[in-house]
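The reader is asked to keep the structure in view while following the text.

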Amino acid sequence: MTTDALGAAPPLTISARVIQALGWAMIWLMLAYLLNNMLIFWFGWPGIAEMIGFGAINGSEPNAGLAALQLGLYGAALLGAVYLAFIRTASLREDAKRVSDANAYFIRACFWAALFIGVGDAIISFMRIEELLDPVFGESLAGALRFPEGRAMVLHGPLIVISFILAAFTRTLGFHWLALLVVIAELLIVVGRFIFSYEQAFMADLVRFWYSALFLFASAYTLLEDGHVRVDVFYAGFEDKTKGYVNAIGAVLLGMLLCWTVLLMGTWGKANVINSPILAVEVTQSSFGAYLKYLMAGFLAIFAASMMVQFVSALFEGAADIRDEPGKREKPAEMAH
């Protein structure tokens, strides 16, 4: 609901625009950092370290032009934040909803990707064990599906693209369904083991894959609905304005700082905990397991990125409460999903 439906918001002050600029800068700088990370470690670009005299951080050939372009991404991010805060006209509540809606789309796409990839990889793993790949797919395609890199390219990549398309036409985040899928996957292990004496490593891998997706993807939505467990001694008794200060300051000093810590610690170098498994397309050491471990490392980046965006929305909402902007979003007593 826009502020027009409940009355006009008070004019934006300089401090409100600075808060808008800070929030948008966090989002655009994060996107610029993640894009640069891909350019450096996936495509061999030198990184901005070359521009300040440290040399290419990944051992690639020096290229001042590419390094300058990468540095320009951060400049464009800051300019975009300034434009959205000081030139374009939008209230803090409108920006909070805009940011939260974009985040919801991203999480929906990740949910569909986890669903499709989990089912697809489990089917391919089963066919590999039962030696059905060659008869069904032919020798060439079956050969690609036997190796992590080939399966990531042939199966996982297209399913991710389909998921982002489907997410544009759906409106449910589907976390209750993902929880049900975890139960079904675990049930299949029990039935297969104790009734049919059949169990394979990929079945347990699938449970871990969906279980990690459920908790890491749902965190941002839980923050939106104020559903995280907390020890509340004073907060419930605060006035809306005081709650706004607490939420805004907490979003910056605790939330955004945590998200940047996860991203930087996980992606700063080629051997870091997020980059290393993804670049190597790492899989479990179990024989005939699912090829999903490298994606689970990526879930950490998805968690940090989605939480960063949601903390920006919380910053805008907190600042709007301080300014007493109309259109405050009422949180449901029980989470809808």
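Is cysteine 259 buried or exposed? In this predicted model, cysteine 259 has a relative accessibility of 1%, and because buried means under 20%, cysteine 259 counts as buried. Cysteine 110, at 6% relative accessibility, is buried as well. A search of the whole structure finds zero disulfides.

**Helix α9**

Cysteine 259 is one of the buried residues of α9, which also include Lys243, Gly244, Ala248, Ala251, Gly255 and Met256. The helix covers residues 240–267, 28 residues in total. From its first C-alpha to its last it reaches 38 Å, close to the 40 Å expected at 1.5 Å a residue. At alanine 251, α9 bends by about 40 degrees. The buried residues of this helix are covered by elements that include α1 (14–41), α10 (275–280) and α11. In an α-helix there are 3.6 residues a turn, so residues three or four places apart point the same way.

| Residue | Relative accessibility | State |
|---|---|---|
| Serine 100 | 9% | buried |
| Serine 125 | 1% | buried |
| Cysteine 110 | 6% | buried |
| Cysteine 259 | 1% | buried |

Leaving aside residues up to four places away in sequence, serine 125 touches Arg151, Phe202, Gly289 and Ala290.

**The nonpolar cores**

The largest nonpolar core holds 44 residues, of which Ile117, Phe175, Leu178, Phe209, Trp210 and Phe217 touch the most other members. The elements giving two or more residues to this core are α3, α5 (139–145), α6 (148–167), α7 (175–194), α8 (201–224) and α11 (293–323). The greatest contribution comes from α3, with 13 residues.

Which residues does phenylalanine 209 touch, not counting those up to four places away in sequence? They are Ala114, Ile117, Gly118, Leu292, Leu295, Met296 and Phe299.

A second, separate core has 38 residues, among them Leu29, Ala251, Met256 and Leu263. Of these, Ala251, Met256 and Leu263 are buried residues of α9, and alanine 251 is the residue at which that helix bends.

Terms used: Residues are numbered from 1 along each chain as its sequence is written. This is a predicted model: local features need pLDDT of at least 70, side-chain atom pairs count only at pLDDT 80 or more; totals for chains, interfaces and linings use all residues. Side-chain values use heavy atoms; hydrogens and water are left out. Buried means under 20% relative accessible area, exposed over 50%, partly exposed in between (1.4 Å probe, protein chains only). Contact means heavy atoms within 4.5 Å. A disulfide is a pair of cysteine sulfur atoms within 2.5 Å. A nonpolar core is a set of buried Ala, Val, Leu, Ile, Met, Phe, Trp, Tyr and Cys residues joined through side-chain atoms within 4.5 Å. Helices (H or I, at least four residues) and strands (E, at least two) are DSSP runs, numbered from the N terminus. The expected span of a helix is 1.5 Å times one less than its number of residues. The bend at a residue is the angle between axes fitted to the seven residues ending there and the seven starting there.
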